[in-house]
Amino acid sequence: MPRSVASAEARAWLTLIRAPGLGGVRIRELLGRFGSAAAAIAAGPSGWRQAGIPAAACDALSQPDPARIDDDLRWLDAADHHLLTCDSDDFPALLARMPAAPAALFVVGDPGLLWLPQIGIVGSRNPTAGGRQNAADFAATLARAGLAVTSGLAEGIDTAAHAAALAAGQPTLAVMGTGPDRIYPAGQRRLAERIVAAGALVSELPPGTGAQREHFPRRNRIIAGLSLGVLVVEAAARSGALITARLASEAGREVFAIPGSIHNPMARGCHRLIRDGAALVETAQDVFDALGPVARELGAELRRRIAADPAAPAAVGGAPSAATADDAERVRLWQALGFDPVGVDELAARTGLTVAALSSMLLVMELEGRVVAAHGRYARCGT
């Protein structure tokens, strides 16, 4: 299961994260040179200069604020607060491939959800009523089909997508442009609380970091990096959603756009994306069909990560063996499945497991060839 880094190493990591002028790329270079965060800190000014670290960052590393680091460590003491670092097996694989990926993530909620196949849904903060409804409809359908909905906790399209996934009983992830303890806008606090209960808040910024304009493009690249693809619902010609779409495209992810009326200024960004090569989509199935091959690749990594014996081959079509069942819950789920398709809500009633846990296990079973899924219903594979 995902874990926070141990406290001694965490202090070193927090020192690196808080040093101005470092960033994910340079922190990764330090790790590559010295082997760990603690060893990087112990290298001292001469080692940092040899590694090409800017003078301002060297000064910050030499004189960290111990009170602030202590506050960060106290924040991490909470049961649902986590720090995932890029040198950990728990760091999400898709994001690690992103150019200039963050070196670490602060997570409030279940960090294991970052390994679920995700669809980024983004768009205008001031959508039309139709755009808001499209965001909700696509989010609910894709969530029920097994894709976690990831967005940016903003008003408008982001809110509609997060809320629809929650209403469907599925997890959703909110990537923040502030520290994990600072909800922005403040009016999103209730939504954030609901997301923590059934998903996760994610930020690369340390606790206490307030909203700053330059932080939100950084948030957008994390949405793009975590997601198999990004769906733009409505966006003006100049929009942060277009930044997210561009970053997704540059990272080799799928970009989808919903067309709209030529008279709707909120459709112009989507039309521009389509002209530039984004996939025009009319239904959620269009999105799901395009993401299938990428989801299978992620599923293979997820399966290796959670298997009790990663070297053991999967027994396709049969009951989970001791080598592939990571715990009794998977066995319980397998026993609840039959050859007649059944929805996740019914499986939750049969097993007593949460919908979020079931969604993760069903994805793995589907990718192993044990389960078939159609229209949000699951059955044992009959072949």
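This is a predicted model: local features need pLDDT of at least 70, side-chain atom pairs count only at pLDDT 80 or more; totals for chains, interfaces and linings use all residues.
Residues are numbered from 1 along each chain as its sequence is written, and side-chain values use heavy atoms, with hydrogens and water left out.

The axes of α1 and α6 come within 10 Å and cross at roughly 125 degrees; axes here are lines fitted to C-alpha atoms, for helices over the stretch in contact, with angles running from 0 to 180 degrees between N-to-C directions. Helices themselves are DSSP runs (H or I, at least four residues), numbered from the N terminus. The crossing of this pair is right-handed, a term for a near helix turned clockwise from the far one by less than a right angle. On the α1 side, the contact (heavy atoms within 4.5 Å) is made by Ser-7, Ala-10, Arg-11, Leu-14, Thr-15 and Arg-18. From α6 come Pro-66, Arg-68, Ile-69, Asp-70, Asp-72, Leu-73 and Leu-76.

Two of these contact residues, Arg-11 and Asp-70, also meet through their side chains in a salt bridge, at 2.5 Å from N to O. A salt bridge is counted when a side-chain nitrogen of Lys or Arg is within 4 Å of a carboxyl oxygen of Asp or Glu. Since Arg-11 belongs to α1 (residues 7-18) and Asp-70 to α6 (residues 66-76), the pair ties together parts that are 59 residues apart in sequence. Both partners are partly exposed (between buried, under 20% relative accessible area, and exposed, over 50%, with a 1.4 Å probe and protein chains only): Arg-11 has 34% and Asp-70 has 28%.

In total, eight salt bridges are found by this rule. One of them joins Glu-193 to Arg-190, with 3.5 Å between the closest N and O atoms. These residues are three apart in helix α10 (residues 189-198), a separation of about one helical turn. Glu-193 is partly exposed at 43%, whereas Arg-190 is exposed at 55%.

Helix α16 (residues 344-351) holds Arg-350 and Glu-346, four residues and about one helical turn apart. Their salt bridge has its closest N and O atoms 3.1 Å apart. Elsewhere, Glu-204, Arg-218 and Arg-221 are linked in a network of salt bridges.

Terms used. Helices (H or I, at least four residues) and strands (E, at least two) are DSSP runs, numbered from the N terminus.
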